[in-house]
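Here is a short briefing on the structure shown below. Keep the sequence and the model side by side as you read.

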Amino acid sequence: MLRSAFPLVSHLPPRKPPPIRPARPPPVRPYASSAARPSPPPASAYVHLPFCRKRCLYCDFPIVALGSSSSSSPVDGEGNDPRIADYVRLLLREVAATRPVSNDGVPLETVFFGGGTPSLVPPSLVAAVLDALRGKFGLSASPEVSIEMDPGTFDAAKLRELVGLGVNRVSLGVQAFQDDLLRACGRAHGLREVHDAVGIVTACEGLQNWSMDLISSLPHQTEEMWEESLRCTVDARPTHVSVYDLQIEQGTKFGQLYTPGVHPLPSETDSANLYKIASKWLSEAGYNHYEISSYCKTGYECKHNVTYWQNRSFYAFGLGSASYINGVRFSRPRRMKEYADWVQKLEIGAWSHEPDSAGMKDMAMDVVMLSLRTAWGLDLRSFSKSFGKSLTISLCNTFRPFVESGLVIVMDMERRALQPSDFKVDLQYEGEIGSKVAFIRLSDPDGFLLSNELISLAFGVIAP
Amino acid sequence: MAGAAALRRSARRVIRPDEYTFSRTLQHAERLLSSQASPDRGGVLGSELGLYPPERIRNFSIIAHVDHGKSTLADRLLELTGTIKKGHGQPQYLDKLQVERERGITVKAQTATMFYRHAPDESDAPNYLINLIDTPGHVDFSYEVSRSLAACQGALLVVDAAQGVQAQTIANFYLAFESNLSIIPVINKIDQPTADPDNVKAQLKRLFDIDPSEALLTSAKTGQGLSQVLPAVIERIPSPPGKCDSPVRMLLLDSYYDEYKGVICHVAIVDGALHKGDKIASAATGRTYEVLDVGIMHPELTPTGVLYTGQVGYVISGMRSTKEARIGDTLHQAKSTVEPLPGFKPARHMVFSGLYPADGSDFDTLSHAIEKLTCNDASVSVTKETSTALGMGFRCGFLGLLHMDVFHQRLEQEHGAQVISTIPTVPYIFEYGDGSKVQVENPATLASNPGQRIAACWEPTVIATIIIPSEYVGPVIMLCSERRGVQQEYTFIDAQRALLKYQLPLREIIVDFYNELKSITSGYATFDYEDSEYQQSDLVKMDILLNGQPVDAMATIVHNQKAQRVGRELVEKLKKFIERQMFEITIQAAIGSKVIARETLSAMRKNVLAKCYGGDITRKKKLLEKQKEGKKRMKRVGSVDIPQEAFHEILKVSNVK
């Protein structure tokens with residue numbers, strides 16, 4: 001078990017009891033795509049709402065910048081933009097044209113409105129999408145319905161309206177608690193809007209579950225600034241915190257301006273340090289570090305994202321969005337015109353999710369890559385059943401030096417950490433995989449920090 | 001002398017434009033090969049060859065500093081005599097070059113026979129048979145340049161009218177001069193606006209004591225002055241000496257392997273005559289062969305059934321491999337004893353290096369490529385070896401650094417083999433306490449902590465001759481003493497130029513000595529060397545260790561006094577080229593169990609992709625796959641991944657001062 005699941009410091013309990021509160025983290029499920037068993041139909045849907053006031057300087061997502069109209073009321077300024085309504089119409093057409101994977105009526109357990117800045121979309125249009133999803137796939141009795149919201153794009157009324165529609169989780173895109181940094185990122189809001197937004201969210205009746213997004217390793221960001229942001233975050237008491245390490249992407253403004261590890265970006269060591277500070281502070285504040293960049297109060301994992309980490313299938317709708325259905329990953333066109341053309345094809349039946357026989361190697365790589373991002377780690381027994389014992393043993397052998405150096409942690413069925421020596425013995429044991437060592441995970445923070453290295457090592461074992 | 005020639009080539013090699021020469025030469029050769037029967041190429045039947053006694057034969061070569069117009073001049077002479085057709089376009093040659101390359105190195109044969117009617121105005125003017133014996137390309141990488149000159153009695157010394165005498169002009173001049181060749185100075189490219197033939201004449205006078213009136217002024221481009229060239233060849237170059245009545249004796253100039261015909265030898269007939277069906281023997285191997293085909297290169301192989309005294313042509317005699325055809329060997333009438341012609345020396349491999357596939361899985365490709373290549377370059381020795389760091393590979397012996405470089409290049413270009421080579425080394429001799437001796441061609445094979453005491457070690461040396469403008473004497477003396485040289489001679493050859501002779505350990509000059517020499521003398525130094533004795537030296541084996549594990553492919557043998565410095569530079573270089581890994585890496589240089597240099601590469605701190613947004617994992621997966629591929633290209637010692645560049649980079653420090 002994660003140490004932070006039983007916080008020693010429990011002076012910051014959730015303000016209100018969460019609606020659903022599993023005693024343990026979600027169990028590691030059989031992998032949806034494993035050839036050994038048919039993948040269960042999707043119970044999650046991602047909906048992309050791409051509109052932003054302007055593009056942040058680090059962003060390379062498929063977004064539509066509406067242009068500056070921030071002087072107008074945050075509620076209806078952009079809300080009347082015809083491009084939004086047009087897009088939502090297109091989105092509804094996509095939903096309508098999508099065939100449910102199952103006829104048994106597996107209802108959606110999670111819906112995630114991501115962006116872009118979904119909070120720029122008028123609640124009435126969000127309602128239309130939710131209604132369409134409900135009509136098409138059904139919603140479970142208590143689904144998790146998340147929406148991303150940016151400071152400065154909503155007021156209390158708008159949020160109340162959204163909650164009234166069934167939205168029960170908000171992901172607030174704060175990113176930093178310093179005006180200078182927000183400006184340097186090209187964010188469309190300042191610190192004042194951040195505080196206002198936090199106030200609105202925390203005061204909202206009927207909304208217990210909300211997340212704060214932060215970005216570390218921003219240009220000119222100091223350790224002090226980062227600690228300040230973490231302090232403000234903890235003070236705001238979100239149930240969930242996402243800490244993203246800034247990625248410098250090609251084709252972005254930041255890509256032109258900065259080189260990773262080179263001033264004004266923090267050095268590799270400093271950047272690693274920011275990550276460690278977040279891990280330490282948030283853990284001490286009672287958050288579980290359940291995935292490389294995700295922290296939550298017990299029971300407040302983002303169920304939608306957990307779908308991804310557990311390699312389960314999910315629907316996706318909208319510009320540039322990626323779905324995973326019947327073992328096939330598909331990314332929709334990132335340009336509006338092409339997306340519109342694609343929706344049309346879908347409607348006339350000229351496009352379908354061909355059940356592509358993704359190779360076993362690819363599946364094994366997906367499973368390793370996704371599960372090692374999480375604190376739950378890789379379920380060796382399940383992996384062995386799906387992909388074979390010899391591959392599992394090779395994988396374990398590859399990780400052995402890192403178990404010894406502490407980057408990788410081995411755990412038994414009860415999720416108790418084992419000594420490296422136990423691991424060695426277990427590997428030599430001829431019997432069933434997982435007789436003693438049942439899970440391996442990357443350590444927090446050192447193993448998580450080197451996840452790319454460790455996962456690519458595993459890739460080298462799976463597909464030499 | 002084998003070593004000297006090798007170094008001479010090494011020396012030339014480091015001047016970049018030589019590669020250009022090489023490719024030009026290939027084109028040139030291609031031109032020769034591609035020219036089919038020309039209408040006026042005269043009779044070449046065996047009976048007609050008999051019409052050319054030695055006094056009607058001239059054998060010459062063209063020597064020049066790179067880019068002074070040697071190839072163009074050769075082309076013009078061949079056109080002038082109708083040997084090749086005029087106006088063969090360059091692009092065609094390039095296309096064919098590709099084909100030639102695929103076939104191997106058959107292009108390296110550069111001898112052409114021309115027929116020329118001297119003084120055509122007179123009705124009874126005699127015809128001459130003129131052989132242009134060139135060693136282009138060859139000059140760079142085959143092992144006996146002077147052997148080709150040995151078949152000549154004269155040389156055209158071509159000098160660019162604008163650039164004047166250059167370093168290579170001097171080296172080439174002395175090469176020809178030492179071979180007792182008649183030298184015809186040709187001041188070429190006189191059409192250039194900056195041409196200054198009078199100045200060049202003065203230089204020739206001053207440097208070589210050449211009478212200014214002897215110089216021919218030409219432009220191979222416009223054709224100006226070209227008509228004087230062959231008359232000068234006939235008038236000023238003596239006919240080949242040789243006894244027509246003696247049993248046949250010939251010098252083997254070159255050989256190559258042809259898939260259909262087998263080994264084709266280029267020979268210069270010194271005495272007697274060679275007929276198809278004759279039995280000949282090799283002075284070097286004692287083996288006998290029957291002459292299956294004999295003829296001239298006119299310019300392609302043209303059978304004549306016979307070659308007479310003084311003539312130059314080809315022989316096909318059923319040799320199975322070019323290893324049997326040793327360049328410089330004397331072939332002679334079987335069952336007769338002859339005095340071997342001067343020139344034969346077995347190839348001495350003075351530079352050894354391990355060659356490994358850059359991608360571990362490519363061993364078979366490399367093996368195949370080496371096999372094919374050595375088919376036409378018998379001067380490379382090849383034995384299999386295994387390295388813990390690099391896997392299976394080959395230990396190859398070369399005549400010099402250039403030879404090695406060209407071999408690499410051809411492996412990569414012609415055979416698509418990607419090669420990692422280990423630090424070149426020279427053959428050392430180690431003597432143990434019990435009196436037993438070993439020759440060490442691979443430092444890794446020498447025990448780091450030998451059970452027995454090493455009583456003594458020896459290393460090969462050379463006598464180097466360096467000619468430089470006098471203002472550079474100081475820095476050159478400094479360089480030589482840094483390289484452990486011992487001065488033998490220091491004289492002035494004229495008011496401006498000094499001659500230095502040094503005995504230098506071969507190890508000190510095999511990698512970058514000539515580069516260094518050129519750079520401190522603004523390119524004016526000419527440098528040559530000949531093999532000398534082994535000398536006793538205080539040598540030690542230096543290991544490179546990564547996290548305590550020795551990297552066998554990086555072991556070197558160094559002079560004790562230099563070990564510290566070399567070790568320091570090596571570990572520093574490695575620290576730069578080995579990437580940070582998930583654990584700390586110590587990089588050490590050690591002699592026996594004593595660590596003499598150490599660097600620590602701290603562990604990587606962070607390599608994480610935080611975002612995995614909206615379930616779109618494909619991009620992230622691609623990145624990780626790319627990372628995986630990157631790891632695959634690394635060589636692993638223990639748990640440490642070493643990038644291939646590290647192996648290349650340490651070559652550069654291996655010869656640190």
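What share of the contacts in chain B with a separation of 6 or more comes from residues 24 or more positions apart? The figure is 73%. This is a predicted model, and every value here is computed from it.

- Chain A has 464 residues, and 58% of them are buried.
- Its secondary structure comprises 16 helices and 16 strands.
- Of the contacts in chain A with a separation of 6 or more, 73% join residues 24 or more positions apart.
- Chain B has 657 residues, of which 59% count as buried.
- Chain B contains 18 helices and 33 strands.

**The interface of chain B and chain A**

- The size of an interface is often given as the accessible area lost when the parts come together.
- Here the buried area is about 3,700 Å². Carbon and sulfur atoms give 58% of that area.
- On the chain B side, 28 residues make contact with 47 residues of chain A.
- The rule finds 5 salt bridges across this interface.
- A:D366 and B:K621 form a salt bridge through their side chains, with an N to O distance of 2.7 Å.
- Helix α17 of chain B, residues 618-632, supplies 10 residues, the largest share of the side that touches chain A.
- By class, that side of chain B has 13 charged, 10 nonpolar and 5 polar residues.

**Nonpolar cores**

- The largest nonpolar core holds 84 residues.
- Seven residues touch the most other members of this core: A:V47, A:V111, A:F113, A:L133, A:L159, A:L172 and A:F317.
- A second, separate core has 58 residues, including A:L391, A:L395, A:L450 and A:L454.
- Look at A:V111 in detail. Beyond four places in sequence, A:V111 touches A:A45, A:V47, A:L130, A:L133, A:L139, A:E144, A:V145, A:S146 and A:H304.

- B:L517 sits in helix α15 of chain B, residues 513-520.
- Is B:L517 buried or exposed? B:L517 counts as buried because its relative accessibility is 0%, and the cut-off for buried is under 20%.
- Setting aside neighbours within four places in sequence, B:L517 contacts B:I466, B:V476, B:L479, B:A525 and B:F527.
- B:L517 and B:C480 are 37 residues apart in sequence, and their C-alpha atoms are 9.3 Å apart in space.
- B:Q153 lies in a loop of chain B, between α7 (145-150) and β4 (154-160).
- B:Q153 has a relative accessibility of 12%, so B:Q153 also counts as buried.
- Which residues does B:Q153 touch, not counting those up to four places away in sequence? They are B:N59, B:N180, B:L181, B:S182, B:I237, B:P238, B:S239, B:P240 and B:P241.

- Most residues other than glycine have a negative phi, and most peptide bonds are trans. The residues below depart from one of these patterns.
- The peptide bond joining A:H263 and A:P264 is cis, with omega at about 10 degrees. A:P264 is in the loop between α7 (253-257) and α8 (268-284) of chain A.
- A cis peptide bond also runs from A:D444 to A:P445, with omega near 10 degrees. A:P445 is in the loop between β16 (439-442) and α15 (446-449) of chain A.
- B:K189 is not a glycine, yet its phi is positive, near 60 degrees. B:K189 falls in the loop between β5 (182-188) and α9 (197-208) of chain B.
- B:K189 counts as partly exposed because its relative accessibility is 22%.
- B:D209 is another residue that is not a glycine and has a positive phi, about 60 degrees. B:D209 is in the loop between α9 and β6 (216-217) of chain B.
- B:D209 has a relative accessible area of 55%, so B:D209 is exposed.

Terms used
Residues numbered from 1 in each chain as written. Chains lettered and ligands numbered in written order. Predicted model: local features only at pLDDT ≥ 70, side-chain atom pairs only at ≥ 80, totals over all residues. Heavy atoms only, no water. Contact = heavy atoms within 4.5 Å. Buried area = accessible area lost by both parts, 1.4 Å probe. Salt bridge = Lys/Arg side-chain N within 4 Å of Asp/Glu carboxyl O. Helix = DSSP H or I, 4+ residues; strand = E, 2+ residues; numbered from the N terminus. Nonpolar A, V, L, I, M, F, W, Y, C, P; charged D, E, K, R; others polar. Core = buried A, V, L, I, M, F, W, Y, C linked by side-chain atoms within 4.5 Å. Buried < 20%, exposed > 50% of the residue type's maximum accessible area, 1.4 Å probe, protein only.
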